[in-house]
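Thanks for coming. I will go through one structure, starting with a term we need and then taking the elements in turn.

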Amino acid sequence: MSVNVNRYKCGYCGACVGVCPVGALELVETWIEVDNTCTSCGVCAKICPVGALVVVQ
Amino acid sequence: MKPKYDVIVVGAGPGGSITAKTCAEAGLDVLLIEKRQEIGDPVRCAEGVSKEGLKKHIQPDPRWIAAEVKGSKILAPDGTEIKMSEEASSGKAGYTLERKVFDRALAQQAAQAGAEVMVKTRATGLLRDNGKITGINAMYMGETQEIRADIVIGADGVESKVGRWGGIDTSLKPHDIETGAQFLVSNIDPGEYSRFYMGEKYAPGGYLWVFPKGKHTANVGLGLLGSKSGNVRAITLLENFIKNYMPEAKILEMVVGGVPVSGPIKQTVTDGLMLVGDAARQSDPLTGGGIINAMDAGKMAGEVCIKAKEKGDYSVKTLKEYEDKWRATIGKELSKSLAVKNMLLKLTDEQLNQLAHSLKGIDTSKMPLPVVLPILFKKNPKILWELRTLFV
């Protein structure tokens, strides 16, 4: 389970990191890293201002 | 770098830099780290502040003031305009900042007060000794190192991890975040007022703003409540607004970001750790403004660090004073704003129009928002009944 980040869309704002209920996301300078604790809950994808995240089941 | 500091501040935004400066001025050993290679950039902010709030912390400097505004105009969905907060009486009118320069100036003040500053340095975890927080793991240029301190300050913004590592759940629910997009636009007439557009068509669960940034430029952006995002995106709403209402605008910069609008969270302090600013969810749930609150909180946190050092006690027993202090001041305002925001969320565009119409014939131009709200309540008790406790 994970999310895919479209790096060509992502504005590296970190909003997704703030809403992740399990802390699976991290904003490194200009990109988002997803670790293996991701539950594919989709909250990050829902709130992304530019729609850069897509949930992978 | 020293083997051990009194205080490590994670994040060099306004909250972190003021905390670091306050501690350093009192002679504490302070390290201020910023994960980006450039402090202040990229911006994730509409850059509006009240003059009054700003002057408590720093003398206004033309190097980082992009524009001065006369006051605010709130626009109801039908276009009815409410003028507010003109400077003459309230002193509340404001500036639009150049955050890239402002944040750097604040970090420089911390540095000149004696704080060490490290950029491109990202906290990756907390160090613990028998469960007690004793510093951070930090990565610089791909290398992780241990840096020790008695107190760690999490001023690491909306994406804060420091609180979570310390056992404080700071995760935001979709209805606790505004998901925002903004363009710096040129070739427009920005006017002399900050403008706030209310209504579903602009920004469901939030508002759209036009903040003058210079002679022909403005920050035009909007915040969409996270719970209403998904099928519609902040960036799409903004692109549509520009196309329909500002076709002449040329876009010079794109800004995206999330703004915490949860209101006060349950806990911001634990043994050896305090959270400041957006990391502590101290941004205003109604306006989204967070700069002044972060700076106020940074000052309070810094002062408590000084006390903790004097006492040699870094436990929550000493640090709790920060939590009590910010709750009694910033926290109170956040709670009020949250109540008003929750009320606004329930109103239809038609009701928002009614509220605006009810102020016809009243000169609100010199009043700040806290003065206008009780008037609105008196005139519209039915619509605003839930807010009655705020105004008695």
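Two strands count as paired if DSSP finds at least two bridges between them. Keep that in mind for the sheets. Also keep in mind that this is a predicted model.

With the term in place, take B:I65. Its bridge partner in β7(B) is B:L97. That is one position in the pairing of β4(B) with β7(B), which is antiparallel and has three bridges. On the other pairing, β3(B) is joined to strand β7, residues 94-97 of chain B, by three bridges, and those two strands also run antiparallel. There, B:S50 has B:G94 of β7(B) as its bridge partner.

Put together, this is an open sheet of three strands in chain B, in the order β3-β7-β4, with antiparallel pairing. The edges are β3, residues 48-50, and β4, residues 65-68, each of chain B and each pairing on one side only. From one strand to the next, the twist averages 35°.

Which way do the residues of β7(B) point? B:G94 and B:T96 point one way, B:Y95 and B:L97 point the other way, and all are buried. As background, side chains in a regular strand alternate between the two faces of the sheet.

Next, the seven-stranded sheet. In chain B, the strand order is β6-β5-β13-β14-β15-β12-β16; the sheet is open and its pairing is mixed. Its edge strands are β6 (81-84) and β16 (250-260) of chain B, and each pairs on one side only. Neighbouring strands here are turned by 20° against each other on average, ignoring direction.

At one end of that order, strand β12, residues 177-186 of chain B, pairs with β16(B) in the antiparallel sense over 10 bridges. Within that pair, B:T179 stands opposite B:G258 of β16(B).

Now one residue in strand β5, residues 71-75 of chain B, namely B:K73. Is B:K73 buried or exposed? Its relative accessible area is 17%, and buried means under 20%, so B:K73 is buried. What is B:K73 in contact with, neighbours within four places in sequence left aside? The contacts are B:E81, B:I82, B:K83, B:Y193, B:S194, B:R195 and B:F196.

On to the helices. Helix α10 of chain B covers residues 369-379, and B:V372, B:L373, B:L376 and B:F377 in it are buried. Looking down the axis of α10(B), these buried residues fall within an arc of 140°, so they line one face of the helix. What covers the buried residues of α10(B) includes β6, α8 (316-346) and α9 (349-357) of chain B.

Last, a helix pair. Helix α1, residues 14-25, and helix α4, residues 99-112, both of chain B, pack at an angle of about 20° with their axes 8 Å apart. The two helices, α1(B) and α4(B), are therefore roughly parallel to each other. Their crossing is left-handed. On the α1(B) side, the contact is made by B:P14, B:S17, B:I18, B:A20, B:K21 and B:A24. On the α4(B) side, the residues are B:R99, B:F102, B:D103, B:L106, B:A107, B:Q109 and B:A110.

That is the end of the tour.

Definitions and conventions: Residues are numbered from 1 along each chain as its sequence is written. Chains are lettered from A and ligands numbered from 1 in the order in which they are written. This is a predicted model: local features need pLDDT of at least 70, side-chain atom pairs count only at pLDDT 80 or more; totals for chains, interfaces and linings use all residues. Side-chain values use heavy atoms; hydrogens and water are left out. Helices (H or I, at least four residues) and strands (E, at least two) are DSSP runs, numbered from the N terminus. Axes are lines fitted to C-alpha atoms, for helices over the stretch in contact, and angles run from 0 to 180 degrees between N-to-C directions. Buried means under 20% relative accessible area, exposed over 50%, partly exposed in between (1.4 Å probe, protein chains only). The arc is that of the directions from the helix axis to the C-beta atoms. Contact means heavy atoms within 4.5 Å. Angles under 35 degrees count as roughly parallel, over 145 as roughly antiparallel, 65 to 115 as roughly perpendicular and the rest as oblique. A crossing is left-handed if the near helix is turned anticlockwise from the far one by less than a right angle, and right-handed if clockwise.
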